Amino acid sequence: MFFYCRSQDATDLLSEDLVMVEQRVEPAKKAAQIIYKKLVGCLQSQQGLDSERRMKKLPLMMLSVSMAESFKDFDGDSSIRKVLEMCCFMQNFLARTLADFEMKLEKEVLVPLNKLSEDDLPEILKNKKQFAKLTTDWNNARVRSQASTGPQAKQDGLREDVEEAWKRLESIKDQYSADLYHFATKEDEYASYFIHLQAEYHKASYEFLEKNITELKESHSHTGDSSEEKVFGEPLLSHLQSCGRKIAVPIEECVGMLLRTGLREEGLFRLAAAASVVKKLKSCLDSGTVDHNEFSFDPHAVAGALKCYLRELPEPLMTFELYNEWFKAAAEKETDEKLKQLRTVLQKLPTENYNNLKYLVQFLSHLSEQQAVNKMTPSNIAIVLGPNLLRPRSEDSLLDMASASSVQVVAVIEPLIQYSKSLFPEGTGILHNFPSTHEPPLGKPCLILRN
C-alpha cells in the first residue's frame, strides 16, 4: 500500500483543516513575540511585584499622594479642598484597579503568550521540520524500492525500508497533528483571555468614575460655576436647541423609566415620593448623568421629578397664549365638535411644544390603560398633572389660582388623554417611538444619559 506513482509532500498527508492551521503557525509565532514585547512595554507597573508594591509605583498613585498633600493646607469649607479630596480617592481607586488588572494580565496573558512564542510554537515548528524530513525519507525509500531490479532478497529489504520509513513518518505525523490541534484551541483561548480582561478593567473603571463624578458634581453644584447649563427652570426651546433634541431630557428620561417599571404603580403622579430622592434625580438630570438602575425602581420619585420639570417651565407646555382657547374648545358639548376644536388649538402650538405634549400625552394614555391596577384614570391623571401643563400667565389673584386647578383644566386634559390616538394621529405611538437605548442625538451634545 506504500507504492505510489508520485512523491507526496508533507502537506498532502494532512487533513484540509490542519493544513490551514499549519499556515498560521509561523505568523502566530512572530505575532506572539511582537505582542508580548509591546504588551510588556504598555505596563505601567513592574512585572513580578504584588498588587500593593505595583500600585505604589504607578503615576496614578503618585498623583493621588500629591493631591492628599495639597488639600491639607485648605480650610474645611474650601470647595477646592473638597474636590481634591474626592479626586484623591478616585485616583487611588483607579491605581489599585490598574495594578490588579496588570497582575491578571501578566498571569493570564503575558505568561501564556510568552510560553506560546518561546516553547509551544518552536516545538511545533521543530516537529514540522521533522515531519517534512521523514516524508522525504519515505518518498526516497519508495523510489528506491520501485526502481530496484535486483535479487528478490534485496527487493524485500527495500520494501522493509519503506515500511519502516512509513512507521516513523506516521508517528511524527500523529504528533505533529496533535500539536496543530492543540495550537488551534490555545489560539482562541489567548484571545478570549485578553478580551475578557480588557472589558473587565475598563468596565470597572468606567462604572466607578461615572458614579463618583456624578456625586462630585452634585456636591460641587452648590458652589459651582453659575454659567453651567441647567435643565429645570429653563425655557423649553432653549433647552432643546442647546441639546439638539426634539423631546426635553426630563420628559424623555422620566417617561422611559416609568414605561419600564411604573405603569402598574398605584397612585402614580398622585402619591408623593421622598423629597431627597426627587431632588437627587433632578440634580442628575441637570448634571447630565442618570443611572436608570438607581431610579427606575422608585417610580413615584421619577413621576415627581417629571411633575417638577413641567411645573418649573417658565411657560407651561400648553402655553400662556392659548390658555383661554383650550377652555373654549373643551367647553363644546358634542364630542366630535370638542375634538375638532382641540385639534385646532393643538395646531396653534409651537412645534416644540406640540412634539413634547404629544410624547407626554401618549404616555399618559398608555398609563391610563392600566387604571384597573394603578387607579389612575384619565380624570385622575388630569387632576394631578393638569395644573402643571396649563396655567394662566399671572397667578396674582385668587380667581386665577383657583382656575389653574379647577375642573376646567381637567376638562381640557382628560379628553387629550382619552382620545390621544385621534388627536395625535401622526406617528405610531409612544411605545414604538420610545427608544430602548438613548443614543446621543444629532446636534450639540448636552447630556450623556446612562441606561
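Among contacts in the protein between residues at least 6 apart in sequence, what percentage join residues at least 24 apart? The figure is 78%, where a contact means heavy atoms within 4.5 Å.

**Before you start**

This is a predicted model, in which local features need pLDDT of at least 70 and side-chain atom pairs count only at pLDDT 80 or more, while totals for chains, interfaces and linings use all residues. Residues are numbered from 1 along each chain as its sequence is written, and side-chain values use heavy atoms, with hydrogens and water left out.

**The whole protein**

Show everything as a cartoon. You have 20 helices and 0 strands to look at; helices (H or I, at least four residues) and strands (E, at least two) are DSSP runs, numbered from the N terminus. Of the 451 residues, 44% are buried. Buried means under 20% relative accessible area, exposed means over 50%, and partly exposed is in between, using a 1.4 Å probe and protein chains only.

**Stop 1: T97**

Select T97, which lies in helix α5 (residues 79-147). Is T97 buried or exposed? Its relative accessibility is 13%, so T97 counts as buried. Leaving aside neighbours within four places in sequence, T97 is in contact with Y201, A204 and S205.

**Stop 2: helix α8**

Now select residues 249-261, helix α8. Because 11 of the 13 residues are buried, α8 is largely enclosed by the rest of the structure. Among the buried ones are I251, C254, M257 and L258.

**Stop 3: V277**

Move to V277 in helix α9 (residues 275-287). With 23% relative accessibility, V277 counts as partly exposed. Not counting residues up to four places away in sequence, V277 touches F295, D298 and A301.

**Stop 4: helix α13**

Select residues 335-348 for helix α13, whose 14 residues reach 20 Å from first C-alpha to last, close to the 20 Å expected at 1.5 Å a residue. Colour K338, L339, L342, V345 and L346, which are buried. Why are they on the same side of α13? They cover an arc of only 125° around the axis, which puts them there; the arc is that of the directions from the helix axis to the C-beta atoms. Turn to the other side of α13 and you will find D336 and Q347 exposed. The buried residues of α13 pack against α12 (323-330), α14 (351-368), α18 (407-418) and α19 (420-423).

**Stop 5: two helix pairs**

Two packed helices are described by the angle between their axes and the distance between the axes. Here the axes are lines fitted to C-alpha atoms, for helices over the stretch in contact, with angles from 0 to 180 degrees between N-to-C directions.

Show α7 (residues 236-243) with α14: the two pack at about 85°, with axes 10 Å apart. α7 and α14 are therefore roughly perpendicular, a label for angles of 65 to 115 degrees. L236, L237 and L240 of α7 meet E352, N353 and N356 of α14.

Finally, select α11 (residues 299-312) and α16 (residues 378-389), whose axes come within 7 Å and cross at roughly 35°. K307, L310 and R311 of α11 make the contact with V384, L385, N388 and L389 of α16.

How values were computed: The expected span of a helix is 1.5 Å times one less than its number of residues. Angles under 35 degrees count as roughly parallel, over 145 as roughly antiparallel, 65 to 115 as roughly perpendicular and the rest as oblique.
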